[in-house]
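Dear colleague,

Please find below the structure that I am handing over to you, followed by an account of what was found in it.

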Amino acid sequence: LEMVSSSLFGRVVGGLFGASLVTGHAQNVLCGFVDCVVDPKSKLAHPKQMKRNTNEEGEEQFELFGVGTRAVTFLNYYVYSAGVYVSQRDVAAVCSFTRQNPPPTQERLTTQLKDSHRVAIRITPYRKAALSHLRDGLGRALDARGYAYIMDHPNEAEQVASDIATFKKMFPHGQFQIDQELLFVIEGETFTAYLEKQESFTMKSKFVGLAFLNAYLGDDAVIPEIKDNFTEHASNR
C-alpha cells in the first residue's frame, strides 16, 4: 500500500512512534479500521485499537504499542510488517512498569510481559507468500533462540526442542494474502495463533511466547524500531 494523499482521501496527521495516524476516509483505503498507524517502511497499516475474540468472555480490546517492518537487510527485501499490542486491561500496569527509575532491562520487560500480562503480535505480509515460508523463517528464529536459551537452562533442552517442533507442526498452511492478518497472543505459558480472526492453534510452552517477545522487544530485536516504539509509547501515554 502506498501512502494516501491527504488531498484525495482525507486528513493524515503525525501519529504514534513517528508513523502516521490516518483519520477520515483514508482509513478505509488503508486498513478498514477507524484509526490506523502506517508502518513507515512498508506502508502497511495496523489498527491503533483492535478487538478480537481471544478469550471465553468474548471480544477483548488491544492497544498498539509499536510497529515495524521485517526486512532481509542485504537484499533490502520487505517480508512483513508487525505490530505489538497490549491488552487494554494491562495497559496502565505495563506503562507503570516501563516508567520505573531506573527503567527495567529489556529482559525484565519481556519476562514481565509474558508472566503477568496479555500481549498480541499482529503480522501482515508485504506481498503474497506461502505461510510455509513464514513458518520456516519463524522456525529458524526459534531454533536460534532455543539454542541460546538452553545454554542457560540445559535441563530444559528436551522440552524446548519439543515446543519448537510443535510450533512448526501446528503452524497454519496455505497462502498468506496481502491484507490478511496472523495474530499471536501470549499470556503466561499459553501461546495462541489466529489466522484471519479464526483460532489456528493453541499450545503451552514456557519458551515460545518468551522467545517471540524477545524477538520483537529484546536487546537483539529483529525489528529494533518496534522496541523503541514500545518504550516511547509506554513512557508518553
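In what follows, contact means heavy atoms within 4.5 Å. Helices (H or I, at least four residues) and strands (E, at least two) are DSSP runs, numbered from the N terminus. The model is a predicted one, in which local features need pLDDT of at least 70 and side-chain atom pairs count only at pLDDT 80 or more, while totals for chains, interfaces and linings use all residues. Residues are numbered from 1 along each chain as its sequence is written, and side-chain values use heavy atoms, with hydrogens and water left out.

Helices α5, α6 and α7

I begin with α6. What covers its buried residues includes α5, β11 (182-187), β12 (190-195), β13 and α7. Here buried means under 20% relative accessible area, exposed over 50%, and partly exposed in between (1.4 Å probe, protein chains only). The buried residues of α6 are V160, D163, I164 and F167. They cover an arc of only 95 degrees around the axis, which puts them on the same side of α6; the arc is that of the directions from the helix axis to the C-beta atoms. Exposed residues E158 and K169 sit on the face of α6 turned away from its buried side. The 14 residues of α6 reach 20 Å from first C-alpha to last, close to the 20 Å expected at 1.5 Å a residue. The expected span of a helix is 1.5 Å times one less than its number of residues.

Helix α7 is mostly covered, with 10 of its 10 residues buried. Among them are L210, F212, N214 and Y216.

Salt bridges

A salt bridge is a side-chain nitrogen of Lys or Arg within 4 Å of a carboxyl oxygen of Asp or Glu. By this rule the count comes to 13 salt bridges.

One of them joins D143 and K168, whose closest N and O atoms are 3.0 Å apart. This pair links distant parts of the chain, with D143 in helix α5 (residues 131-152) and K168 in helix α6 (residues 157-170), 25 residues apart. D143 is partly exposed at 34% relative accessible area, and K168 is partly exposed at 31%.

The side chains of E156 and K206 also meet in a salt bridge (3.2 Å, N to O). E156 lies in the loop between α5 and α6 and K206 in the loop between β13 (198-204) and α7 (208-217), 50 residues apart. E156 is partly exposed at 22%, as is K206 at 41%.

A network of salt bridges links E60, R89, D90, R118 and E187. The side chains of D90 and R89 meet at 3.8 Å, N to O. D90 is buried, with a relative accessible area of 10%, whereas R89 is exposed, at 51%.

Packing of α3 and α8

At what angle do α3 and α8 pack? Helix α3 (residues 91-98) and helix α8 (residues 224-236) pack at about 100 degrees, with their axes 8 Å apart. Axes are lines fitted to C-alpha atoms, for helices over the stretch in contact, and angles run from 0 to 180 degrees between N-to-C directions. V94, C95 and T98 in α3 meet F230, T231 and A234 in α8.

A buried strand residue

A82 lies in strand β7 (residues 77-87) and is buried, with a relative accessible area of 0%. Residues that A82 touches include H46, V67, R122, Y216 and I226. A82 and I121 are 39 residues apart in sequence and 6.7 Å apart in space, C-alpha to C-alpha.

Backbone features

Most residues other than glycine have a negative phi, and most peptide bonds are trans. The peptide bond from N101 to P102 is cis, with omega near 0 degrees, and P102 is in the loop between α3 and α4 (106-116). K43, in the loop between β3 (36-38) and β4 (45-47), has a positive phi near 65 degrees. K197, in the loop between β12 and β13, has a positive phi of about 70 degrees.

With kind regards

Methods: Lists of a residue's contacts leave out its neighbours within four places in sequence.
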